[in-house]
Amino acid sequence: MAILSKFRPSRERIVGLTRAYSVHRPLIQRGLMTSFVLYVLLAAYRGVAARPSPGRRGAKPSDGKSTRVAVDATFYQRLKVIMRIVIPSIRTKEALLLCMHSTLLVFRTAISLYVAALDGKIVASLVRGQSFQFLLNIIRWLLVAVPATWTNSWLSYVQNKLTIAYRTRLTNEVLKQYLGEDAEGPEGKCYYKLSNLDDRIKVPDQMITYDIQRFSAHLAAIYANLAKPILDVILYNYQLAQNVGAEGLVILTVLIQTSSLLLRVLSPSFGTYTAQSAALAGNLRHGHSRLVEFAEEIAFFGGQETERELIEREYLTLVRHEEEVMNKKWWYACAEEGIIKWLWGSFGLVVCAIPVFFKFPGAAHVDLGGRTEGCFVTNRRLLLSSSADAIGRVMYSYKDLAELAGYTSRVFLILDTISDVRAGKFQKALTDGATTGENNAILRGRGQVFLSEDIQFENVPIVTPNGDVLLQSLTFSVKPGENLLIVGPNGSGKSSLFRILGGLWPVYGGSVRKPPASDFLLIPQRPYLSLGTFRDQVIYPHSEEQMRDHGVSDADLLSVLAVVQMDGIVDREGWNVTREWRETLSGGDQQKLAWARLFYHRPKYAILDEATSLVPPDVEGRMMEHATALGITLLTVSHRTSLWKYHSHILQYDGQGGYTFTKLDVKKHLVLQEEKLELEAKLMEVPKMKSRLVELRLLVEAQRGNMQ
């Protein structure tokens, strides 16, 4: 007992410590308040700071997809790249809107502090029975409503303006690269290469529209969801400390921090769920768009049941994912509200009671009205209605930040993929034989492309995007005026050659000399017809203003249409009528309209891919002759022998990786073609002859048996 008495503080020591604390309490209060502010800032930084990724650190996924989207270093690196796009400098409109938003947030916090104090004064005047003071405070309440409502409306307006500004910046940047102005080289025609040469993005239209819109909305809201609560926590709790003392604030902080750790542990990966939901919604939308695009083929096959199963499969996958997310969000919402609203609310009531039950050294004595004003009404409003709400919003902001991380990963994916595609870096699923032997060596190589007046291929392999080598080495040359006919079985590489000429596919070896892509014009079997007037179909992709600048009038267009026997549509419909021309015109009229487009543009080379398959022979011959008269060199894929006489050279694929390039002797080739067709017809009769021979043998044997 003697030993314990040595460690037990004496009454004099307690009185001395209390007196010292009372003397230095203002300094201690300032120290505690400063420590609290630093703690809030540090806690907020840690709450949104980068965490190490659970997967590979610093590595870029080879498939373009992250296994888990989180608020980590990767997220902040991606966000930094995107922020340079949406706010390129401090002198932009976006920076000004952000400054306005910050000013309004501070002003609204100041109004909230004033309203909290005024709320306490109104109740105190009621307790004291001061009618004049009560009416005066009511007038103040009504007056402060004017700037308060104005500020809230302006905050919503500026935030929506920020969303539109961010979306506009991002959309313009993506479209600039996706539909870039560079027509030549690897950077051109990214919209084609993204869908055909790369597998990372299946539905680019959803990313450019929906994902960018959602990212912009979350980015505009996250600033208010982070900056405003942090500012509120500091200012509200500073004012609260003036009423209940910094000691109560320290106790409250310890309790809240301890319980918030539980919330962090229970928090699901909202970023991953958001990214997965967007991807699954895109797959469902893609299924519906395919149904619309190939509706005719599906209808003829009667494939509606199969298509419905495919769409239902995508929908059920999306629904299962959303239900899983909802279940996890439900459990998390229960824990979140129980801790933030009710548990933290009880902490607040305890802190509000501190000035009532405990008298701090140096604190002045107040009457019942003063306690009502300062110790309960004002403190409760500051703590429960404002401070606790602000702390809760800081906690909620992590969930918002995680969802922002999900949309950030989607937006960054399309930016990163477009950048890779423009640099000639593709990620495509290859065939089994593409990674072995000579094919693998071909895929690792790169050829050279030179600008030239004529077309010349020297040892150029023809390779599809999935790595299928159709030809290991192709060599031929065509000069202006030498029309080339290209024939061969399906899948032998006829259209692949055109894609290399158009700069759509990379060159894996050898050298290609060709004119720029602007000197080529393609007419496929089913031409593209844009949205617009009938004039727009003829002059596409020019506008009417560009047509006038080139010195072309409507009368000139009418003479072009007369060549293809389409001038009657102008007499019947007029130039400015707008229709869905793909539905209005027949297949033959669409092909003739594409030829009129060719005659309007007059390129040096025309690529004809079964471009006259639906046109009558007399019109076909007239169009071919007119194209030759205009000096257009024709590169034609067609099975019609009637077109052979318009060509001087032939490139013939055998379908086995070989080819023949030679001058076209029309008479000789027609004789050979007729002989080939005759032999093929005879060979087709051989099985029937064999079958008939077997039947005859059986009949003869049966007849002999009857005679015996």
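This report walks through a predicted protein model, from its overall make-up to a few individual residues.

## Ground rules

Because the model is predicted, local features are described only at pLDDT of at least 70 and side-chain atom pairs only at pLDDT 80 or more, while totals for chains, interfaces and linings use all residues. Residue numbers run from 1 along each chain as its sequence is written, and side-chain values use heavy atoms, with hydrogens and water left out.

## The whole protein

Let's begin with the secondary structure: the protein has 22 helices and twelve strands. Both are DSSP runs numbered from the N terminus, with helices being H or I over at least four residues and strands being E over at least two.

Of the 708 residues, 42% are buried. Here buried means under 20% relative accessible area, exposed means over 50%, and partly exposed lies in between, using a 1.4 Å probe and protein chains only. The protein exposes about 39100 Å², and carbon and sulfur atoms supply 58% of that area. These areas come from the Shrake-Rupley method with a 1.4 Å probe; for residues, only the protein chains shown count as cover. Among contacts (heavy atoms within 4.5 Å) with a separation of 6 or more, 78% are between residues 24 or more positions apart.

## Aromatic rings and a charge

The model contains eleven aromatic pairs. Rings of Phe, Tyr and Trp (its six-membered ring) pair if their centres lie within 6.5 Å; planes under 30 degrees apart count as stacked, over 60 as edge-to-face and the rest as tilted. Elsewhere, ring pairs tie Trp150, Trp154 and Tyr157 into a cluster.

There is also a charge to look at: the charged end of Arg513 sits over the ring of Phe450, 4.7 Å from its centre. The rule asks for NZ of Lys or CZ of Arg within 6 Å of the ring centre and within 35 degrees of the ring normal.

## Helix α17 and its surroundings

Helix α17 covers residues 554–563, and its buried residues are Asp554, Leu557, Val560, Leu561 and Val563. Viewed down the axis of α17, these residues fall within an arc of 165°, so they line one face of the helix. The arc is taken from the directions between the helix axis and the C-beta atoms. As background, an α-helix has 3.6 residues a turn, so residues three or four places apart point the same way.

The cover over the buried residues of α17 includes α15 (534–539), α16 (544–549), α18 (567–573), α20 (587–601) and α21 (617–629). Just after α17, Gln565 takes a positive phi of about 60°.

## Backbone details

The loop between α15 and α16 holds Pro541, and the peptide bond from Tyr540 to Pro541 is cis, with omega near 5°. Two non-glycine residues with positive phi are also worth a look. Asn459, in strand β2 (residues 455–463), has phi near 55°. Arg602, in the loop between α20 and β9 (605–609), has phi of about 50° and counts as exposed at 56% relative accessibility.

## Cysteines

The count of disulfides is zero, where a disulfide is a pair of cysteine sulfur atoms within 2.5 Å. Cys99 is partly exposed at 46% relative accessible area, whereas Cys190 is buried at 2%.

Leu197 is in the loop between α6 (190–196) and α7 (204–244), and is buried at 4% relative accessibility. Leaving out residues up to four places away in sequence, Leu197 touches Tyr192, Phe426, Gln427, Lys428, Pro465, Leu504, Trp505 and Pro506. Leu197 and Trp505 are 308 residues apart in sequence, yet 7.9 Å apart in space, C-alpha to C-alpha.

Two other residues have partners at some distance along the chain. Gln213, in helix α7, is partly exposed at 24%; Gln213 and Tyr166 are 47 residues apart in sequence and 8.7 Å apart, C-alpha to C-alpha. Ser269, in the loop between α8 (246–266) and α9 (270–293), is buried at 13%; Ser269 and Val325 are 56 residues apart in sequence and 9.7 Å apart, C-alpha to C-alpha.
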